[in-house]
Amino acid sequence: MKYNVVRSTEDPVVEHYMNILLMAGEKSGGETKNVQYKCRHNKKDVMVCDSALVALHYFLRGYKNIVIWYQGVVPEESYLRNRSKIRSSVLSIIELIGLKSAKACFFVSDEMLKHYEQKYHMSLKCKSYIMPCFNEIGLNKEAFRNESKSSSCEFLYAGSLNEWQCFRQTAELYAHIEQKALAPTKFCVYTREKEKAQRIIDELNIKSYIVDYVDSRELANRIKSCRYGLVLRENSIINRVATPTKFSNYLANGITPIFSDCLKSFNSIHKKYGIGIVCDINNLEQSAEIILKDMECGQNINSFCEKCKEVFDTYYNTEKYIDEIAQFFQKIPWKK
């Protein structure tokens, strides 16, 4: 088979995921090619699409071998941003057409698969493969040797300030910690939305902080001294199905994730390996006390390194996914 991997965005998270699908297509014995959205191809080719909307373009033009990656629950995300039921309904129709017409679907979590099966009352497991979002391929050994992790407790937030990413609550949690901590602490915020982050930090009267934005390569160098990484979320379907790339960034750099247990996929990994601290976003004072106790206990960096290595050998193992997806592709009854 010929696999055309459609590139409709240059987002680095999407790029990493699609690269894995490209390499899996090669390993399955197929011919692979990166292509731009809306280009014409042989209608017997496999079109590997990075969204249901892209897939709809090819489906309406008679392509039969369509593969779709679902990164998030787009209709629900759209409604949260725009509060438009009509827009959300249209996106749900596109989503459903994709799920029905695709020869294979890729989801980022078991919770996402369950969501779609329940939402549309259909069985998808037989044509689905699950792989989380991540953009790190291994541990940054230099970060695990960084002595400043234990002497100064830096708390990291990296990413955008979309409503569902709960930056205000994250800053409030840090404010509680800063007020009570016996050791020096620092709130390290890396985001494009610097002015918005600064306003919230000023409102909460946080004393020790940095607000900046750097590219991904420089970010890895900046965060290696951080001890904790914050990923707080409210309990919504958007967050329950999600697998934030922050987790792979944090663990790769020896940073302990502080997270909400509604992030179902990572919570399962935490329960297995013990690599994070669960935070109740509805009780920030109590969560701050749990974190303060962890700070007092110190960090066994060697033990934490071994746990992180196990996670990258399993949950974030690029080579494992390439092998398994290649086998998955070989079993699909493509239309000739």
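What follows are my notes, entry by entry, on a predicted model.

**Entry: α3 and α4**

I started with a helix pair. Two packed helices are described by the angle between their axes and the distance between the axes. I looked up both values here: helix α3 (residues 74-82) packs on helix α4 (residues 85-101) at about 165°, and the axes are 8 Å apart. Angles over 145 degrees count as roughly antiparallel, so I wrote α3 and α4 down as roughly antiparallel to each other. The crossing of α3 past α4 is right-handed. On the α3 side I listed Val74, Pro75, Ser78, Tyr79 and Asn82 as making the contact, and on the α4 side Lys85, Arg87, Ser88, Leu91, Ser92 and Glu95. Sorted by type, the residues of this contact of α3 with α4 come out as four nonpolar, four polar and three charged.

I also checked the link between the two helices. Arg83 sits in the loop between α3 and α4. Its phi is positive, about 55°, although Arg83 is not a glycine.

**Entry: α8 and α9**

Next I took another pair. The axes of α8 and helix α9 (residues 194-203) cross at roughly 40° and come within 10 Å. How are α8 and α9 placed, then, oblique or roughly parallel to each other? Roughly parallel needs an angle under 35 degrees, so I put α8 and α9 down as oblique. α8 passes α9 in a right-handed crossing. I noted Phe167, Arg168 and Ala171 from α8 in the contact, with Ala197, Ile200 and Glu203 from α9. The contact of α8 with α9 divides into four nonpolar residues, no polar ones and two charged.

Cys166 has a positive phi of about 55° and is not a glycine. Is Cys166 buried or exposed? Its relative accessible area is 1%, so it is buried.

Helix α2 (residues 52-59) was my next stop. I found it mostly covered, with six of its eight residues buried. Those are Ala52, Val54, Ala55, Leu56, His57 and Tyr58. What covers them? I listed β1 (2-7), β2 (31-36), β3 (46-49), β4 (65-70) and α4 among the elements over the buried residues of α2.

I then picked out His57, which lies in helix α2. His57 has a relative accessible area of 12%, so I counted it as buried. Leaving out neighbours within four places in sequence, I have His57 in contact with Tyr37 and Lys38.

That sent me to Lys38, in the loop between β2 and β3. Lys38 counts as exposed because its relative accessibility is 52%. Not counting residues up to four places away in sequence, Lys38 touches His57 and Tyr58. I also looked up Lys38 against Val54: they are 16 residues apart in sequence, and their C-alpha atoms are 8.2 Å apart.

**Entry: Val67**

I moved on to strand β4, where Val67 is placed. Val67 is buried, with a relative accessible area of 0%. Which residues does Val67 contact, leaving aside neighbours within four places in sequence? I wrote down Val46, Met47, Val48, Cys49, Ala104, Phe106, Phe329 and Trp334.

Asn253 is in the loop between α12 (246-252) and β11 (256-259). At 2% relative accessibility I counted Asn253 as buried. What does its side chain reach? It reaches the backbone oxygen of Asn249, at 2.9 Å.

In helix α13 (residues 264-273) I marked Ser265, Phe266, Asn267, Ile269, His270 and Tyr273 as buried. The buried residues of α13 pack against α12, β11, β12 (277-278) and α15 (301-314). After α13 comes Gly274, with a positive phi near 65°.

Technical notes: Residues are numbered from 1 along each chain as its sequence is written. This is a predicted model: local features need pLDDT of at least 70, side-chain atom pairs count only at pLDDT 80 or more; totals for chains, interfaces and linings use all residues. Side-chain values use heavy atoms; hydrogens and water are left out. Axes are lines fitted to C-alpha atoms, for helices over the stretch in contact, and angles run from 0 to 180 degrees between N-to-C directions. Helices (H or I, at least four residues) and strands (E, at least two) are DSSP runs, numbered from the N terminus. Angles under 35 degrees count as roughly parallel, over 145 as roughly antiparallel, 65 to 115 as roughly perpendicular and the rest as oblique. A crossing is left-handed if the near helix is turned anticlockwise from the far one by less than a right angle, and right-handed if clockwise. Contact means heavy atoms within 4.5 Å. Ala, Val, Leu, Ile, Met, Phe, Trp, Tyr, Cys and Pro count as nonpolar, Asp, Glu, Lys and Arg as charged, and the others, Gly among them, as polar. Buried means under 20% relative accessible area, exposed over 50%, partly exposed in between (1.4 Å probe, protein chains only). A polar contact is a pair of N or O atoms within 3.5 Å; within protein, one must be able to donate a hydrogen and the other to accept it, and residues adjacent in sequence count only if both atoms are side-chain atoms.
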